[in-house]
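Q: I am new to this structure. Please walk me through how to read it, one feature at a time.

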Amino acid sequence: MIAPFAPALTWAALEQLVSAPTDAAILDIMLPDMSGLDVLQAIKTASPATEVIVITGHASLPTAIRAIDGSAFAYLVKPVEVEHLLSVLRRAIERGQLTRALRESNQTLEAVVEAAPLAIW
């Protein structure tokens, strides 16, 4: 699932991340109601496995560093070539799905180990 992050939907989209697994989100840095970097932090707090692609028309090195330090999957500068964005999005979705599958496998393994009787070899 890909979460929409249009300016008017910022809070609604954040609520959606809490209630439904989201593999990837495309996030603009410049939002009218809050900072895109703040939204990035909120996304990663609410849903650490969600990969966030940050886009901006106002690129700067400090912003790029903050985005990547905030665990953004990618930092793209507008105008973004559609094919490039789709390629990055496919990789982000794949990583999100793999991360989620790994976490679920680890939880299953932990449950099996906890349920197994102790054995001494």
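A: Start with one residue and its neighbours. Contact means heavy atoms within 4.5 Å. Leaving out residues up to four places away in sequence, Thr 56 touches Asp 28, Ile 29, Tyr 75, Leu 76, Val 77 and Lys 78. This is a predicted model: local features need pLDDT of at least 70, side-chain atom pairs count only at pLDDT 80 or more, and totals for chains, interfaces and linings use all residues. Residues are numbered from 1 along each chain as its sequence is written, and side-chain values use heavy atoms, with hydrogens and water left out.

Q: Is Thr 56 buried or exposed?
A: Buried means under 20% relative accessible area, exposed over 50%, and partly exposed in between (1.4 Å probe, protein chains only). Thr 56 has 0% relative accessibility, so it counts as buried. Its side chain also reaches the backbone nitrogen of His 58 at 2.9 Å. For a polar contact, a pair of N or O atoms must lie within 3.5 Å; within protein, one must be able to donate a hydrogen and the other to accept it, and residues adjacent in sequence count only if both atoms are side-chain atoms.

Q: In which strand is the place of Thr 56?
A: Helices (H or I, at least four residues) and strands (E, at least two) are DSSP runs, numbered from the N terminus. Thr 56 belongs to strand S3.

Q: How many residues of S3 are buried?
A: In a regular strand the side chains alternate between the two faces of the sheet. Here, six of the six residues of S3 are buried, so the strand is largely enclosed by the rest of the structure. Glu 51, Ile 53 and Ile 55 lie on one side, with Val 52, Val 54 and Thr 56 on the other.

Q: Which strands pair with S3?
A: Two strands pair if DSSP finds at least two bridges between them. Strand S2 (residues 24-28) pairs with S3 in the parallel sense over five bridges. There, Ala 25 stands opposite Val 52. S3 and strand S4 (residues 74-77) are also parallel, over four bridges. In that pair, Thr 56 faces Val 77.

Q: What units do these strands make with the helices?
A: A crossover is right-handed if, with the strands pointing away from the viewer, the path from the first strand over the helix to the second runs clockwise. S2, H2 and S3 form a right-handed β-α-β unit. S3, H3 and S4 form a right-handed β-α-β unit too.

Q: Which residues have the most contacts inside the largest nonpolar core?
A: A nonpolar core is a set of buried Ala, Val, Leu, Ile, Met, Phe, Trp, Tyr and Cys residues joined through side-chain atoms within 4.5 Å. The largest has 16 residues, and those with the most contacts inside it are Leu 27, Val 39, Leu 40, Ile 43, Val 52, Val 54 and Ala 67. Helix H1 (10-19), helix H2 (36-46), S3 (51-56) and helix H3 (61-69) each supply at least two of its residues. H2 gives the largest share, four residues. Another core, of 10 residues, lies apart and includes Ile 55, Phe 73, Leu 76 and Leu 89.

Q: Which residues of H4 are buried?
A: They are Val 88, Leu 89, Ala 92, Ile 93, Gly 96 and Arg 100.

Q: What joins Lys 78 and Pro 79?
A: A cis peptide bond, with omega about -5°. Pro 79 sits in the loop between S4 and H4.
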